[in-house]
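Dear colleague,

Please find below a structure that I am handing over to you. My notes on it follow directly after.

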Amino acid sequence: MNATPEHAGTRLIVSLALHSAAIIAFQLALMQLISIVQWHHFAYMIISVAMLGFGASGTLLALAREKLLANSDWLVPLLMTISGLCMMGAFPITRIGFFQFDVYLLFVESSQFPVLAANYLIYFVPFFTGALAIGILFIKHTRKIGTYYFSNLLGSGIGGLLVLFVFGNIYPQLVPPLAGLFSVIAGLLGIGRKYYRLHLVIGILAIATATVLIRQPGSIPISQYKSLAQAMNLPGAKVIYSNPDIHGLIEVVSSPALRFAPALSLSFTGEVPVKKNIFVNGNFYGVIPQYSYEQTTHILDYTTQALPWAIQEGKTILLINAGEGAPLAHTFSRQPTHVDAIIPNAGVVKMMKTEFAEESGGLFLHDDLQIHTKEARNFLASVSRKSYDLILLPQQDAFGGTAGINALQENYTMTLESFSLMWEHLNPDGLISVSTWTDYPSRTTLKLLTTLVQTLYDKGITEPEQYIAAVRSWGTITFVLKKTPLTEQETKKIRAFSNELFFDPMLLPDIRAEERQRYNMAEDEDFFSYVDKIMAGDRRFVEEYGFMIQPARDDKPYFSQFLKLKNIRRMAEIFGGGQVPFLELGYLIVLVTLVQSVFLALLFIILPLLRLRKSRQGKGGTLLYFGALGIGYMFVEIILIQRFVLYFGHPVYAISAVISTMLVASGVGSLISGKLPAIPRSPTIIGLLIGIMLLGYTFLLTSVLQWTIAITLPLKIIISFLLIGIPSFFKGMMFPLGIRFISEYDVSQTPWAWGINGSFSVISTSLAMLIAVESGFMVVMAVAVSCYLIASAVFIFHRKIFRQNPKPQSIH
């Protein structure tokens, strides 16, 4: 306990790195757990809560800076230990009955809002206490801020990499107690004389808590509206397989009541088979297929998904996002010569090749099958010379609709650029086939059709009715897009197929109105007029329709996003106010998150102003500079993640590459910034340089990634490191340079600056997503460019004010 100042400083830097690693690991673990309990879009709440903790810590530092700094020697390690203990207990506490909330009930039961607020508070505490420890270190050591900020970012980067590795090897509920142990160790490393007994007691309690939670992790209580919860309510339902994977928690459920009947034709008279169901993060993924090499029929022959096979017997097949294998078994029942199947979830592929290989008849080990565990776009871009007779996409939407849960989920497979690539990979008479569940009001069906029609227009084809056919059952619609005009013989085959299975042709070159509802009446009387307007190229109809049915593009890859904000009032009048949230629940949740984030962030920014009323001038410059950095950094991070999902062919790898490289490179930049003078010219020049680089990225990054998408993985890693690391290196200089300058100009503003940065980061998380959905990624990047240019300009316009205090103030 009598360490020299040098040793004490080293211990603090090591503790800071460990603690920072714990915070980012805890944040990522919570995002994964919340995705399992609720849905993936609610993970934005966790990011906001984390940033909220940082913003609130800055507020407290601004209001009580002197007291906190005076007690920093014992307070910082104690806060780290308390933060670690709270990380361990936060998720288990929210599993207690009173604290369990359901996002589906949020807009219909007012009692859910206090429960949600309680969850916010529970998750807020570990981030607040942890951020307060970091903030005290930053404020206390402003002259060495570069070194401490480097430790913070380096630890965060390593923590992000470690937790991604951990996700693939242990159950997600084990990660928070393990992450908490890192913070506890960090706190114990810095333990001092004062209150050391209290510190030891909390440390021992935390270690005991971690031991209990690791040995008895318990189950994860998921929403009653998730597919897994509904399946477990069936007679005899039980989980027969469970395995953590980097893509999510994979579970297989068995029940005699689980039968596979995907909108079967009314002509089907056989026995509906019992199938084991696969779930990933509580969401239905598919069924375990029962296949044999002698099989020549399949239950999917009695669905609209059999339409492409009725037109032609394809021999070379590409199955996109083939899932668990039911479409795969259907394909092999048609005796193809070669099948490429894209299944991004490597955990499911491994499971089907091992545990369920015998039950599925060795389907995933078929000699004529080649499985690719990557995203479809990455595969299509890397096999430019391959062509196929049939390209089959997975069924869209879900039976009964999804309530807009997937509204903010990027889907690069369903963009215009993706369909253009598929078109290029078709043989001369090849087909693209895609099916969807029917929905009311019509959204997915119409958006699919506008995408197919626009694909033809982009290829110079002005008569889409000659290339598109569609068949409708009581529950699904299947579209086919042919590379050459449909022949008279093919049209006859489609009509024969429809009549045999009691389906109705919806689109044919010579479609007649009376044959569209021969067996299945449409729920919306105007549906067919909508279809005809789209086929006729009526752009005004598409733009004025009540929902967003314009084709998704790579710049806005949100295929399942339909809600137009300007139409919310109109939707409420038509469907009733209580039903609107369930048309686009995911989008509205992020909108609510943004509103509350703005309110809380403003609170944390305004409160310290009461304490800073007698401060020197320049508060406006501090607000602009650190607010711009908070927004700019987060906006760039979100956009880079989206761009690199396509590049690496997997979102997990993209997140890992972007976040880790940004944090480590920013940390190195922070360390180097300590050698630069804390004068206005430094951040001005660096901010301008960052703005110019990001402006170039706005227009050139996508092209660079497309040119190099087919190269080997090692080269991709090098290119990614350079593209992400170079601007991040300079961005890492901006914050410590600003803190050093502010500490010399007016030391009382430094904690406020820390809080401003965190508060604006809170807003930027959900704001960036909403801007991306409404206006596209290029607009988000343009905002980021503006933020760094604003930060650069702050010192130019406030130089006279800054010169009013030539003598640096003392720093505690």
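How do strand S2 and strand S3 pair, and over how many bridges? Strand S2 (residues 248-254) and strand S3 (residues 277-280) pair in the antiparallel sense, over four bridges. Strands here are DSSP runs of type E with at least two residues, helices are H or I runs of at least four, and both are numbered from the N terminus; two strands pair if DSSP finds at least two bridges between them.

Before going further, please note that this is a predicted model, in which local features need pLDDT of at least 70 and side-chain atom pairs count only at pLDDT 80 or more, while totals for chains, interfaces and linings use all residues. Residues are numbered from 1 along each chain as its sequence is written, and side-chain values use heavy atoms, with hydrogens and water left out.

The sheet

S2 and S3 belong to an open antiparallel sheet of four strands, in the order S1-S2-S3-S4. Its edges are strand S1 (238-245) and strand S4 (283-287), each of which pairs on one side only. Within S3, Asn-277 is the bridge partner of Val-253.

The chain as a whole

The protein chain has 27 helices and 12 strands. Of its 812 residues, 59% are buried, where buried means under 20% relative accessible area, exposed over 50%, and partly exposed in between (1.4 Å probe, protein chains only).

Salt bridges

A search of the whole structure finds 19 salt bridges, each defined as a side-chain nitrogen of Lys or Arg within 4 Å of a carboxyl oxygen of Asp or Glu. One of them joins Asp-554 to Arg-377, with the closest N and O atoms 2.8 Å apart. This pair links distant parts of the chain, 177 residues apart: Asp-554 is in the loop between helix H18 (539-544) and helix H19 (568-575), and Arg-377 is in helix H13 (residues 376-382). Asp-554 counts as buried at 6% relative accessibility, and Arg-377 counts as buried at 7%.

Asp-532 and Arg-516 also meet through their side chains in a salt bridge (2.8 Å, N to O). Asp-532 lies in helix H17 (residues 527-535) and Arg-516 in the loop between strand S12 (504-507) and H17, so this pair ties together parts 16 residues apart in sequence. Asp-532 is partly exposed, at 36% relative accessible area, whereas Arg-516 counts as buried at 7%.

With kind regards
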